[in-house]
Every structure is written in C-alpha cells, then in structure tokens.
Amino acid sequence: MLSQYHIEIMLASLGGRFSARAMSAIIQANLDQDRLAGQFGHDEFHFDNNAFEKTYNYIEEQRALVGSSLMLGDANSAWKAFGRFLHSAQDFYAHSNYITLWRDRFNGQTPPPPPEVDPVDPNLIDSPDLRSGKTYYPFELLYFIKRLRPYILPLLPRDSHAWMNLDSPEQGYKFDYAMHAAIKRTVIEFEKTTEGFSGETCRLFLDR
Ligand SMILES: [Zn+2]
C-alpha cells in the first residue's frame, strides 16, 4: 500500500491507544519497510511472491522481539518491531487475492459493504486458492512510474503485483475492502501482541 494509506490504517486502528511519540516511532518503522532496500529480497515485508510461510514467521519473530525488548525496558525497539510487522499484516490485503476470494464467497449475491469484511476468515487464510502478486523485474519497477503504466501492464502476467495490487484507490472498488480489512487486522495484531502483558509492560509499550 502507499505510505499515506499505511498511516491512515495506523491512525484509524491504533490512534489514541499509544502516546504521540510511540505512535510516531511505530508509524515510521512501518513506512521504512517500503524503502528501496526493503523492496528487494524482502517478500516477507510485503506478503509478495506467495511467501506466506516466510511472512508469518517474520511476523511472529518481530512480535517476539516486541516482548523481549519490553522485558529489557527498551520501548523504542519494541515500537520499531511492532511497526515492521504491522506493515506486512496490512500489505496482506493489498497484495493477495484475499479480498477477491472473500467477495466470491457470496456467489451471485451482492457482497456486504467494505466495513463488514472479515479479515481473518480461516477458510480463506488457509485456502489453496490464496495467492499473492509476483514481482517480475525489471518491468515491475517501471510500473511504479505512472506515465509508463499503460506500456508496462500489457507486458506483465496477470499474477504479477502490478495487476493484482490494491495499493491505492486507483485500483478500484476492492481497495476499500483492503483498507477496512487492514484496519481490523491491525487491531487483532495489537490485541494478540499485548495479551498477557502485565500492567507495567503495557504502560511501557503504550507509553502512557
Ligand atoms: Zn509494502
């Protein structure tokens, strides 16, 4: 997703829970995953190239780092690890066909509106039909230059990131579903991460 939408998701889901400086560190770490160095060889940052298992392992590794950093009293490292894995969790809805599969479940009928999307339908999370966009270099890179898109898209297969992504509203009506799913998923990840935290650990993490 484009940075502005990651920020919107973070504020809509977690705004008000953390202090301003904690929120700012978490959002910065989230956005840093999209730096150029994070775009190559890091499918686990963005759920790209069907790297589902690798990404789930990355999320749990970073979640564990949140806990171990807080044990050491290092809230800043905890915020960064939290921001990093939330980026992956949010990109899941923009880079996989989850939203398409969810809407297809209402075969024939009009699917419910975006706020009603279920972000963690177990039948879909484990579905053999679940896919995420593949990055075909070098054409995938040129896709990011808007002016070149009309020339680049016909050269890329339909299973590419370029064709499949829901990174911005330009991609059509499914983008809204991806946003709502990412907001709900972020709350779920927050609850999963903080469940079992003592009052003191919670205060350190939320910085309140
Ligand atoms: Zn990303």
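Modeller: The model is a predicted one: local features are given where pLDDT is at least 70 and side-chain atom pairs where it is 80 or more, while totals for chains, interfaces and linings take in all residues. Residues are numbered from 1 along each chain, as its sequence is written.

A helix here is a DSSP run of H or I with at least four residues, a strand is a run of E with at least two, and both are numbered from the N terminus.

Helix α4 covers residues 52-71, and its 20 residues reach 29 Å from the first C-alpha to the last, close to the expected 28 Å. That expected span is 1.5 Å times one less than the number of residues. The buried residues of α4 are T55, I59, Q62, V66, S69 and L70. Seen down the axis of α4, these buried residues fall within an arc of 95 degrees, so they line one face of the helix. The arc is that of the directions from the helix axis to the C-beta atoms.

What does the buried face of α4 meet? Its buried residues pack against α3 (43-46), α5 (75-95), α11 (174-194) and α12 (199-206). Contact is defined by C-beta atoms, placed from the backbone, that lie within 7 Å of each other.

The stretches on either side of α4 also deserve attention. In the loop between α3 and α4 lies F47, which has a positive phi of about 55 degrees although it is not a glycine. F47 counts as buried because it has 27 C-beta neighbours inside 10 Å. N50 is found in the loop between α3 and α4 as well, and N50 also has a positive phi of about 55 degrees without being a glycine. N50 is partly exposed, with 17 other C-beta atoms within 10 Å. Just after α4, G73 takes a positive phi of about 80 degrees. As background, most residues other than glycine have a negative phi, and most peptide bonds are trans. A cis peptide bond does occur in this model, from Y137 to P138, with omega near 5 degrees. P138 lies in the loop between α7 (122-125) and α8 (139-143).

One of the partners of α4 is α5. Helix α5 has 21 residues and reaches 30 Å from its first C-alpha to its last, close to the 30 Å expected. It is mostly covered, as 19 of its 21 residues are buried.

The discussion now turns to the core. A nonpolar core is a set of buried Ala, Val, Leu, Ile, Met, Phe, Trp, Tyr and Cys residues joined through C-beta atoms within 7 Å. The largest such core has 40 residues, of which I26, A78, W79, F82, Y93, I99 and A178 touch the most other members. The elements giving two or more residues to this core are α1 (3-14), α2 (20-32), α4, α5, α6 (98-104) and α11. Among them, α5 gives the most, with 11 residues. Leaving aside neighbours within four places in sequence, W79 is in contact with A22, A25, I26 and A29.

Finally, consider the chain as a whole. Its secondary structure comes to 12 helices and zero strands. Of its 208 residues, 37% count as buried. Among contacts between residues at least 6 apart in sequence, 70% join residues at least 24 apart. The C-alpha atoms fill a box of roughly 55 × 40 × 30 Å along the principal axes. With 208 residues, a compact globule would have a radius of gyration near 17 Å, and the chain agrees, with 17 Å. That radius is taken over C-alpha atoms, and the globule rule is 2.2 Å times the number of residues to the power 0.38.

Conventions: A residue is buried if 20 or more other C-beta atoms lie within 10 Å of its own, exposed if 12 or fewer, and partly exposed in between; C-beta atoms are placed from the backbone. Two residues are in contact if their C-beta atoms, placed from the backbone, lie within 7 Å.
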